[in-house]
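Please look over the sequence and the model below before reading on. The paragraphs that follow begin with one of the pockets and then turn to the helices and the chain as a whole.

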Amino acid sequence: MEYLIGTYDKSGSLKPAADSPTYTDYLFWMHYAEGSLMPLLVMSLVFRKIDQSPMPFFVKPIARKITGGTRENFLNPQLKLHLDFVEQKLQGNTAWLLGDTLTGADIMMSFLLQAALSRTDLALPNIAAYVRRVESHPDYQKAEAKLGKLILL
């Protein structure tokens, strides 16, 4: 994303200037997306696939015990912790992560939050409102018209 913004964002609107007060928050969200939230969502997807995969009958209870225990003791609590954190950060927010301007940080976080909402039963009204803003953005709408609706695995 940093390369794409640096190469193709001629207006400079997707990245705050390095001396901007929002620059450190921009860096935080850019890297939080892939470094903190994405690994948990990928692990969740892998475990779901393990549970759905055919396997010998004697292995299935062992695999389910491992995936279930890991979900209960690590994955679900960590997902809740991180989603609650994002939910709290978006509280009172009526625009984007850094204010009134959509940035690369929003692009990085948008898919993860769409995926998280589709896979959780947690009440996350601020995240849901944020995702609605992303999905109603004209550029998102153009991409969706060109590529089709986002399909989450």
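In this predicted model, the second largest pocket has a volume of about 250 Å³. A pocket here is an open set of points on a 1 Å grid over the protein atoms alone, where a 1.4 Å probe fits and where protein lies on both sides within 12 Å along at least five of seven lines, and lining residues have an atom within 4 Å of a point. Grid points are joined across faces, edges and corners, and the volume is the space filled by probe spheres set on them. Local features need pLDDT of at least 70 and side-chain atom pairs count only at pLDDT 80 or more, whereas totals for chains, interfaces and linings use all residues of this predicted model. Residues are numbered from 1 along each chain as its sequence is written, and side-chain values use heavy atoms, with hydrogens and water left out.

The lining of this second largest pocket includes Leu-41, Ser-44, Arg-71, Asn-76, Ala-116 and Leu-122. Helix H2 (23-52), helix H3 (60-89) and H4 each supply at least two of its lining residues, and H3 gives the most, with 5 residues. Helices are DSSP runs (H or I, at least four residues) numbered from the N terminus.

The largest pocket holds about 410 Å³ of space. Of the 16 residues that line it, Ile-107, Ser-110, Val-134, Tyr-140 and Ala-143 are the closest to its centre, and the elements that give two or more residues to the lining are helix H4 (104-119) and helix H6 (138-147).

Val-134 also takes part in a contact between helices, since Val-134, Glu-135 and Ser-136 in H5 meet Pro-138, Tyr-140 and Gln-141 in H6, where contact means heavy atoms within 4.5 Å. The axes of helix H5 (residues 125-136) and H6 come within 5 Å and cross at roughly 65 degrees; the axes are lines fitted to C-alpha atoms over the stretch in contact, with angles running from 0 to 180 degrees between N-to-C directions.

H2, with 30 residues, reaches 42 Å from its first C-alpha to its last, close to the 44 Å expected at 1.5 Å a residue. Centred on Tyr-32 in H2 is a kink of about 50 degrees, the bend being the angle between axes fitted to the seven residues ending there and the seven starting there.

Taken as a whole, the chain has 6 helices and 0 strands, and its C-alpha atoms fill a box of roughly 60 × 35 × 30 Å along the principal axes.

Terms used
Expected span 1.5 Å × (residues − 1).
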